[in-house]
Each structure stands twice: as structure tokens, then as C-alpha cells.
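Please examine the sequence and the model before reading on.

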Amino acid sequence: MSAATGVGAAGPDPRVPWVDVLVSAVASVSWALIGMAGAAALGLRLLDADAAGSLGPMTAAVVALGAGGAVTPSGDMSAYGLSGAQAGTAVDFTPLGVSLVGALLLSFFFLRSLRAAGVVVSPAELLARAGAVVALFVAMTGGLVRAGHGVVTVDGGSLGLDDLPGMGGGEAEIPGLGDVGGLLPDRAGDLVDASAAVGFTVDTVPTLLGGLGWSAGVLLVALLASRRAPLPRGWDAVHRVARPAVSAVVTVLLVAVAAGFAAAGYAAIGDGHPRQIAGAALLAAPNGVWLGIPIGLFVPWDGRASGPLLGVLPHPVDDLLRAGPDRPVTLGRLAELDGRVWLLGVAAALMMLLAGVLTAVRTPVAAEPAGTEPVGAAGFAGRCALRLGVATAVTLPLLALLTRVSADASLSVLGFDVVDAGIELRGRLGTALLLGAVWGAGAGVVGALLARASGAAGARATATARGAAGADRDAGGRGAAGRAGPYAPGVPFRPPNPGTNPYLRVPPGALRPPAQPPAGGSEVDVSGAPTVIRPVGPVGRESRRGRRGAGDGSGGERAPLWPDGVPPPPPPPPPAPRDPDGGR
């Protein structure tokens with residue numbers, strides 16, 4: 001028993017299992033990129049994007065965008081037969097549907113390999129595993145740079161040329177100038193039927209840096225959100241403080257994305273183009289959902305939109321931006337155009353309440369550090385409010401950065417702009433940080449009070465969050481160092497009970513009560529019920545030998561049993577000493 005305890009207390013193995021580290025890194029990165037490529041290719045295929053160009057290079061470009069990279073499009077308007085034609089395009093957009101698929105797969109396989117290290121992992125092994133995954137992912141994004149080159153053919157009608165004055169066969173009327181059709185080339189109307197080749201290229205340096213930041217950020221969030229993943233010894237504060245709140249926020253964000261996919265599926269059922277809706281949802285459903293969460297929590301956005309790109313915005317955002325670029329996008333202004341927008345605020349508030357309840361349920365109630373006295377309702381509510389407030393204050397600006405959109409496209413012919421399309425939406429990061437702290441603190445207080453009133457406070461706290469005492473029991477037979485090894489005995493679940501342990505019982509009537517307890521013997525209970533014999537004095541060698549063979553596992557000692565079941569009579573009193581004088 002002492003040997004098992006000594007092995008368990010030896011601490012985590014400082015040696016790094018490099019073979020396992022490399023194999024797990026290859027598996028994590030491979031599955032992540034396969035999932036991202038599959039989601040991107042399926043989304044583009046549902047949108048019929050392969051009709052305009054090769055699906056392979058477009059898939060590589062979308063995966064690069066999803067991994068934090070950058071793509072530079074370039075226009076070649078020589079197909080229009082116009083000298084002096086220039087095209088300019090710029091895109092800053094992240095398909096979060098592709099990003100989310102890769103993040104979930106990368107986190108799953110990384111955490112699965114990390115749990116094989118045990119309850120506690122050494123800092124060297126944790127750094128080696130995370131570093132191998134990040135390095136391999138960055139190397140694989142280099143392949144996206146080589147594969148992400150292609151050309152997309154765009155016709156004039158898709159650019160909105162047929163909606164411009166004079167391009168549909170009529171006169172070109174410009175206010176203040178009248179008919180200027182004679183100033184344009186004779187075949188300007190043919191621009192509508194012409195085609196342009198627009199190429200795209202994945203940028204090398206921004207894509208490599210973006211892949212580095214994306215993969216490292218995903219692993220960091222995964223370590224903070226996974227409540228049972230091992231961490232180095234001494235990081236108990238992360239188990240106790242950060243993980244309950246971060247896991248609650250991540251959970252509600254994933255639930256919101258699932259609701260967004262369900263809404264897209266419902267919309268596709270009654271629409272005439274279900275493939276386009278399914279493809280757009282697969283690529284960018286998290287974009288719309290995570291854009292709506294900050295707006296629902298009253299975070300203002302600065303936006304502008306013009307040209308055909310106004311049609312890609314949901315209602316009533318398009319109407320608000322069409323009214324003028326100087327009006328910020330807020331929940332109140334959108335509700336003025338459509339009263340149903342208030343439901344977005346209600347949904348966001350309920351989401352924050354769910355995050356507060358989950359934080360309270362996963363936060364240990366015991367005093368910290370690792371005490372046994374529970375804290376009061378006010379202290380527990382303040383603890384949950386502080387932690388969820390910090391987590392939400394970081395999350396809302398991050399959502400604003402991830403969901404920002406910037407796209408511009410222009411075609412200039414001889415200095416006359418015939419196409420000018422653009423869209424831009426950017427959230428105010430400072431306001432998002434302050435509102436995130438306020439919403440998180442309020443939701444933490446309300447959620448903690450609800451959990452305390454229902455008795456669910458701390459019910460789902462992990463053993464590592466409650467303290468090191470329960471970590472070994474939660475590991476399912478692992479040693480104190482967190483690795484599989486010899487059995488380490490724990491505290492019994494209940495005290496010894498003669499009613500369930502036959503080794504503690506003596507048949508009734510087998511013992512007769514002596515006149516007085518023998519010296520060094522035992523006290524005997526003959527009340528007729530199952531009897532427990534407890535020693536009150538020293539025990540002989542024969543008794544110890546019998547006890548060694550019939551131990552009850554409870555740590556106590558059994559009284560000696562005589563061969564015939566009857567205790568020997570007490571020894572006779574010693575004879576009185578004789579008087580040498582004969583009593584005289």
C-alpha cells in the first residue's frame with residue numbers, strides 16, 4: 001500500500017513522448033484541414049460557384065480565408081475591348097462556417113491526445129504538443145498558398161451593368177449633362193453581354209501569419225473551455241476561475257450557431273432556391289449569428305453599402321444603410337424599420353442568462369482556495385459575476401473583429417465609374433468591451449442566484465475545479481501524478497457494518513459471558529444480535545496470525561477467538577503467604 005502511494009506521488013513524467021506528440025499533431029491538423037476543405041467545397045458547390053471557375057483553387061482560397069489568411073483578387077477587363085479600363089477589388093471577409101468546422105476538429109483531436117497524458121501534464125509536454133500542432137498547421141497553409149491561384153469569369157450582368165443608364169439599350173442620361181451617349185464607345189452596350197476574367201491569389205505572408213494566430217488562438221480557447229483537459233501542476237486557478245465561465249460562453253455561442261443552422265434549414269424549405277440558402281449557411285451562418293449577438297446586446301456598428309452588394313444584406317440592415325452612411329447600425333434604429341428586430345435583443349439577453357446559469361452550475365461553491373466551508377449567496381454571486389464579466393468583455397470585441405465585413409469593387413472606363421459596389425460593417429470595439437463587462441456581470445449575478453435557489457450551484461463542477469483532493473478519484477483509478485499505474489487506495493465510502501460484512505459477525509450463543517473480563521481479553525456482547533468483538537487489551541501472537549488471514553479491510557482489529565468458542569475461566573487467586581511464626 002505504501003509502495004502504491006509512493007509511485008503516485010512521484011509527479012508527472014518530465015520526459016516528452018515525441019512519437020505520440022508528432023502522431024497526434026498530424027492527426028489533429030489533417031482532420032481539421034480535411035473538414036475545412038470539405039465544408040468549403042460543399043458550400044461552393046451548392047452556390048454553383050464551380051460554374052464560373054475551377055472548384056479546387058476556389059476551395060483552397062476559401063480555406064485560407066477561414067484560417068485567417070488573405071486573398072487578393074485582380075481584374076482583367078481586356079475582355080470588354082475597352083482601352084483604359086481598370087478594375088479594382090478588395091475583400092476582407094472570414095467565412096466563419098469553414099473556420100468553425102476546422103476549430104472544432106482541431107480542438108477535439110488535440111484535447112483527446114492531451115488527455116492521454118493523465119490528470120496532470122508537464123509544462124514541457126503541453127508546450128511540445130501545442131507547438132507541434134501550430135507549426136504543422138502553418139506549414140500546411142503554405143500548401144494553400146500554392147494551390148489558391150485561379151481565375152473566375154464574371155459577366156457584365158452580374159456586375160449590375162444592365163441597371164445603369166444607357167447600358168440597357170437606351171440613352172445615357174446624366175443629371176446636368178443630358179445625353180452623353182455619344183461620348184461613350186459605340187459598343188458600350190455590349191458590356192452587359194461581355195465577360196471578364198477576374199483572378200485571385202492567396203497572399204503568402206498574411207496567410208502564414210494568419211494561420212499561426214488562428215491555430216494558436218483555437219488551442220488557447222480549447223484549453224480554457226475544456227473543463228477536464230489536463231494542465232500543469234500549480235494551474236489550479238485555471239480549473240477553478242477561468243474554465244467555468246469560458247466554457248459557459250463557448251457553449252452558448254455554439255448553441256446560437258445551431259439555432260442559426262436550424263433557421264436556415266427552415267428558410268430553405270419554403271424558398272425557391274434551397275441550394276443557395278444551404279450553401280450560404282454552410283459557409284457563413286456563424287457570421288450572421290455572431291453579428292446579431294453584439295447588435296442584440298446594443299453594440300453599435302458603423303456600416304455603408306452601395307451598388308449591387310446592398311442585396312446581400314439582410315432586411316432591414318439594407319434599408320438602414322441605403323438611407324445614408326452616417327447612421328450607425330443599432331438595435332433601436334433597426335427596430336424603427338421592423339419591430340420584430342426587438343426579438344433579437346430578447347434572444348441575446350436569454351443567451352446571456354443561460355451563460356450565467358451555466359457558470360454558476362460549473363463553479364465550485366466551496367471557499368477558495370480549496371476550503372471546505374461554503375461561501376454565502378452574495379459571495380458566490382459576486383464570484384460568478386466577476387468571472388463571467390471578464391469572459392464576456394473579451395468575447396464581444398472578438399466577435400466584432402471576426403464578423404467585420406469589407407468588400408469593394410469598382411470598374412472605371414475612361415474615368416467614368418460604371419460600377420461602384422461596396423459594403424463595410426465594423427463594430428465599435430471599445431463599446432463592445434464595456435457592454436460585454438456589464439452584461440456578463442449582470443448575467444453572472446442573476447444566474448448565480450437562480451442556481452442557489454434551485455440547489456444546482458456547483459452541481460456540475462469538476463473534481464479538478466473543487467480541488468486536488470478529488471482529482472485522483474475523478475481520473476478513474478489513476479495515480480496522483482495523473483498516469484495509469486498501481487492502485488492507490490482511497491477513503492471507504494461507509495464505515496464497517498456487521499450487517500453486510502460476515503467477517504465482523506459471530507454466531508449468537510457461541511460465546512458465554514464470563515464472570516468478569518479476563519485481563520488482556522475482550523468485552524463480549526451476547527444480546528442476541530450480530531456481535532462485534534473489539535479488543536480492549538494486548539493481543540497474542542496467535543490472534544494476530546488469525547487476524548492477518550481474516551482481515552475485514554476496515555483497518556480495525558478483531559478480538560481473539562478461542563478454539564472451542566468458550567473463553568477460559570479466570571485464573572484462581574494466588575495463595576496467601578504463610579507466616580513463618582505460625583501465626584503467633
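Arg362 lies in helix α11, which spans residues 342-362; helices (H or I, at least four residues) and strands (E, at least two) are DSSP runs, numbered from the N terminus. The relative accessible area of Arg362 is 16%, so Arg362 counts as buried. Here buried means under 20% relative accessible area, exposed over 50% and partly exposed in between, with a 1.4 Å probe and protein chains only. Leaving aside residues up to four places away in sequence, Arg362 touches Arg227, Pro244, Ser247, Ala248, Thr251, Arg460 and Ala461, where contact means heavy atoms within 4.5 Å. Pro244 is 118 residues from Arg362 in sequence, yet the two are 5.3 Å apart in space, C-alpha to C-alpha.

The model is predicted: local features need pLDDT of at least 70, side-chain atom pairs count only at pLDDT 80 or more, and totals for chains, interfaces and linings use all residues. Residues are numbered from 1 along each chain as its sequence is written, and side-chain values use heavy atoms, with hydrogens and water left out.

The chain as a whole has 16 helices and 11 strands. Of its 584 residues, 41% count as buried. Among contacts with a separation of 6 or more, 74% come from residues 24 or more positions apart.

Two helix pairs are set out below. Axes are lines fitted to C-alpha atoms, for helices over the stretch in contact, and angles run from 0 to 180 degrees between N-to-C directions.

| Helix pair | Axis distance | Angle |
|---|---|---|
| α2 (residues 18-46) and α4 (residues 96-115) | within 8 Å | roughly 160° |
| α8 (residues 274-296) and α12 (residues 377-402) | 9 Å | about 135° |

The angle makes α8 oblique to α12, whereas α2 and α4 are roughly antiparallel to each other. Angles under 35 degrees count as roughly parallel, over 145 as roughly antiparallel, 65 to 115 as roughly perpendicular and the rest as oblique.

On the α2 side, the residues that meet α4 include Trp31, Gly35 and Met36, and their partners in α4 include Leu105, Phe109 and Phe110. The residues of this contact comprise 12 nonpolar, five polar and no charged. Ala, Val, Leu, Ile, Met, Phe, Trp, Tyr, Cys and Pro count as nonpolar, Asp, Glu, Lys and Arg as charged, and the others, Gly among them, as polar.

In the second pair, Asn287, Trp290, Ile293 and Pro294 of α8 meet Leu396, Leu399 and Leu402 of α12. That contact has six nonpolar residues, one polar and no charged.
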